[in-house]
Amino acid sequence: MSNVFVFDHPLIQHKLTYIRDKNTGTKEFRELVDEVAMLMAFEITRDLPTSDVEVETPVTTSKSKVLAGKKLGLVPILRAGLGMVDGVRKLIPAAKVGHVGLYRDPETLKPVEYYVKLPNDIKERELIVIDPMLATGGSAIDAIGALKKRGAKNIRLMCLVAAPEGVKAVQEVHPDVDIYLAALDERLDDHGYIVPGLGDAGDRLFGTK
């Protein structure tokens, strides 16, 4: 079964409080999401392998560490996932970015795939699927499935907030995918929204209703 990591870093929790606040405006909301994504990326990449290289400093030569192994890829789930990509790329500018477009049918609550565009070499990349919300888990399950169908083997899931129901659903379908969260919330309500949650992340990021 996949591991679930909930980041309790004070800076992440502090910023998440203002992300949740309904009085936080669109501009500040976007900036906070960007900042939390960057802080989460720092934690998510903690176990990336490194190798030794020799570098010449102004004083002498020295052995130092550089990233080794698989290259990274970021795959935001459209559209809300876009709000977290730049924060991650600030730390990992060489990561390639793919996109998976899904929308949730308002009646069935099931995701419908409408757009997939990925780097050609996703089989060789460690992929981070990005979506602010993990509610029912439907979108994440389908997005991860779309990547696996195209050959991806190393996938992580990164979300701001999740409901236990969504975490369980992803674990059952994709037990090999580790899940990284800023918060694990209480539950889903009758409309499939996370409680206490932060509202509709896409609407709050882009100023739509």
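Helices (H or I, at least four residues) and strands (E, at least two) are DSSP runs, numbered from the N terminus.

The model is predicted: local features need pLDDT of at least 70, side-chain atom pairs count only at pLDDT 80 or more, and totals for chains, interfaces and linings use all residues. Residues are numbered from 1 along each chain as its sequence is written, and side-chain values use heavy atoms, with hydrogens and water left out.

Buried means under 20% relative accessible area, exposed over 50%, and partly exposed in between (1.4 Å probe, protein chains only). Just after α4, G151 takes a positive phi of about 105°. Most residues other than glycine have a negative phi.

Helix α4 also packs with helix α5 (residues 164-173). Their axes come within 9 Å and cross at roughly 25°. Axes are lines fitted to C-alpha atoms, for helices over the stretch in contact, and angles run from 0 to 180 degrees between N-to-C directions. The two helices α4 and α5 are therefore roughly parallel to each other. Angles under 35 degrees count as roughly parallel, over 145 as roughly antiparallel, 65 to 115 as roughly perpendicular and the rest as oblique. The crossing of α4 past α5 is right-handed. A crossing is left-handed if the near helix is turned anticlockwise from the far one by less than a right angle, and right-handed if clockwise. On the α4 side, A140, I141 and I144 meet A169, V170 and V173 of α5. Contact means heavy atoms within 4.5 Å. By class, this contact of α4 with α5 has six nonpolar, no polar and no charged residues. Ala, Val, Leu, Ile, Met, Phe, Trp, Tyr, Cys and Pro count as nonpolar, Asp, Glu, Lys and Arg as charged, and the others, Gly among them, as polar.

Helix α2 (residues 26-44) was considered next. Its 19 residues should span 27 Å at 1.5 Å a residue, and its end C-alpha atoms are 26 Å apart, which agrees. In α2, the buried residues are F29, L32, V33, D34, V36, A37, M40, A41, E43 and I44. They pack against α1, α3 (82-91), β8 (125-130), β10, β11 (178-184) and α6 (201-206).

Helix α1 (residues 10-20) packs with α2 at an angle of about 155°, with the axes 9 Å apart. That makes α1 roughly antiparallel to α2. The crossing of α1 past α2 is left-handed. From α1, the contact uses L11, I12, K15, L16, Y18 and I19; from α2, it uses F29, L32, V33, E35, V36, L39 and M40. Eleven of the residues in this contact of α1 with α2 are nonpolar, none are polar and two are charged.

Helix α3 also meets α2. The axes of α2 and α3 come within 7 Å and cross at roughly 45°. That makes α2 oblique to α3. Here α2 passes α3 in a right-handed crossing. V33, D34, A37, M38, A41 and F42 of α2 make the contact with G83, M84, D86, G87, V88, K90 and L91 of α3. This contact of α2 with α3 has eight nonpolar, two polar and three charged residues. Within α3, G83, M84, V85, G87 and V88 are buried. Their cover includes α2, β4, β5 (96-97), β8, β10 and α6.

Strand β10 (residues 154-162) holds L160. This residue, L160, counts as buried because its relative accessibility is 1%. Its C-alpha atom is separated by 8.0 Å from that of A37, 123 residues apart along the chain. Leaving aside neighbours within four places in sequence, L160 is in contact with residues including I19, V33, V36, M40 and M84.

Two cis peptide bonds were examined. One joins L78 and R79, with omega about 0°. R79 lies in the loop between β4 (71-78) and α3. Another runs from V195 to P196, with omega near 0°. Most peptide bonds are trans.

Notes. The expected span of a helix is 1.5 Å times one less than its number of residues.
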